[in-house]
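Q: Can you walk me through reading burial, strand pairing and helix packing?

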Amino acid sequence: MIQTKDFKIPAVVESIKKDAKEVGFAMSCDNETATLLRTLASSKRNSKFLELGTGAGLSTSWILDGMDKDSKLITVELDETLHKIAKRHLENDNRVEFVTGDGEVFVKSIENQKFDFIFADTWPGKFFVLDETLELLNTGGLYIIDDLLPQSNWPERHGEKVKNLIDYLDSRNDLSLAKLNWSTGLIIATKI
């Protein structure tokens with residue numbers, strides 16, 4: 001069986017994990033999701049990427065590791081403390097733009113932009129402003145969400161929100177879905 005230790009890990013990952021732990025942030029994606037994000041990012045050349053929910057920048061580092069030199073990533077995070085960690089480790093990469101602010105406000109404010117890859121790792125883009133977020137996706141673009149399998153830290157009734165989200169995505173005729181009962185539970189959707 002392949003172990004996650006067998007994967008090439010971006011150099012900044014351990015430093016990001018250490019800094020995130022120091023501020024008490026434990027919601028970064030796991031290595032399984034991270035390696036999938038890198039692999040999917042590497043399938044998009046000269047593309048525009050959007051990450052909603054930077055956190056401390058762990059998933060951001062893996063997405064950047066998969067992107068080619070001609071691609072651009074916008075990553076949005078509400079928590080300024082977490083965004084400072086991400087910026088400290090990743091701002092030297094000229095392919096990334098950090099937006100500190102509310103993801104819902106950001107999604108609603110974007111005009112005349114489309115993305116080839118959207119990773120929604122926060123409530124905006126996943127549980128609300130979902131239609132507006134999917135509207136930002138190019139045909140053939142990838143929409144990725146995680147944390148869909150039950151977890152001990154879920155708030156009461158969160159399982160219902162997840163079920164409703166999955167049912168809604170299933171009902172759309174403009175998406176082709178792959179549901180992965182793996183890692184924290186993921187959906188990868190392609191806009192058709």
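Q: Why is strand β1 described as largely enclosed by the rest of the structure?
A: Buried means under 20% relative accessible area, exposed over 50%, partly exposed in between (1.4 Å probe, protein chains only). In β1 (residues 48-52), four of the five residues are buried, so the rest of the structure largely encloses this strand. Strands (E, at least two residues) and helices (H or I, at least four) are DSSP runs, numbered from the N terminus. This is a predicted model: local features need pLDDT of at least 70, side-chain atom pairs count only at pLDDT 80 or more, and totals for chains, interfaces and linings use all residues. Residues are numbered from 1 along each chain as its sequence is written, and side-chain values use heavy atoms, with hydrogens and water left out.

Q: Which strands pair with β1?
A: Two strands pair if DSSP finds at least two bridges between them. β1 runs parallel to β2 (residues 72-77), joined by five bridges. Lysine 48 has lysine 72 of β2 as its bridge partner. Four bridges link β1 to β4 (residues 115-120), also in the parallel sense. There, leucine 52 stands opposite alanine 120.

Q: How do helices α1 and α4 cross?
A: Axes are lines fitted to C-alpha atoms, for helices over the stretch in contact; angles run from 0 to 180 degrees between N-to-C directions. The axes of α1 (residues 13-22) and α4 (residues 80-90) come within 10 Å and cross at roughly 155°. Hence α1 is roughly antiparallel to α4 (angles over 145 degrees). Contact means heavy atoms within 4.5 Å. Ser15, Ile16, Asp19 and Ala20 of α1 meet Ile85, Arg88, His89 and Leu90 of α4.

Key. Angles under 35 degrees count as roughly parallel, over 145 as roughly antiparallel, 65 to 115 as roughly perpendicular and the rest as oblique.
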